Amino acid sequence: MFMVQKNDGKKIKAASLDLLVGSSGAPTDLITVSTEISLEAPTYPYTFSLMVATANAGAEGKYELNIQCTDDFSIVDLK
């Protein structure tokens, strides 16, 4: 599963309905999960945060992130 929040590029530490832009929904064991999200921000450029999670707490999984966008974008690694 994944979620995207409008929190100016800060790490997602907890789910917030006020900041939530979109998510893939409930945890699932599907191999491919996707959804369409409209990214609207107060100003541009803006940094949205995306969090990927596994269905099982404490487990680690492999994932591949693909973003399709009609405008220019960049991916920033938050460490």
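Is Gln 5 buried or exposed? Gln 5 counts as buried because its relative accessibility is 2%; buried means under 20% relative accessible area, exposed over 50%, and partly exposed in between, with a 1.4 Å probe and protein chains only.

Before going on, the basis. This is a predicted model, in which local features need pLDDT of at least 70 and side-chain atom pairs count only at pLDDT 80 or more, while totals for chains, interfaces and linings use all residues. Residues are numbered from 1 along each chain as its sequence is written, and side-chain values use heavy atoms, with hydrogens and water left out. The average pLDDT (the predictor's confidence in each residue, from 0 to 100) is 84 for the protein, and 99% of the residues score at least 70.

Back to Gln 5. It sits in strand β1, residues 2–5; strands are DSSP runs of E, at least two residues, numbered from the N terminus. A polar atom of its side chain lies 3.4 Å from the backbone oxygen of Ala 14.

Next, Ser 24, in the loop between β2 (20–23) and β3. Its side chain reaches the backbone nitrogen of Phe 2 at 2.9 Å. Leaving aside neighbours within four places in sequence, Ser 24 is in contact with Met 1, Phe 2 and Val 33.

Last, Ile 75, in the segment after β3 (49–52). Ile 75 counts as exposed because its relative accessibility is 61%.

Note on methods
Helices (H or I, at least four residues) and strands (E, at least two) are DSSP runs, numbered from the N terminus. A polar contact is a pair of N or O atoms within 3.5 Å; within protein, one must be able to donate a hydrogen and the other to accept it, and residues adjacent in sequence count only if both atoms are side-chain atoms. Contact means heavy atoms within 4.5 Å.
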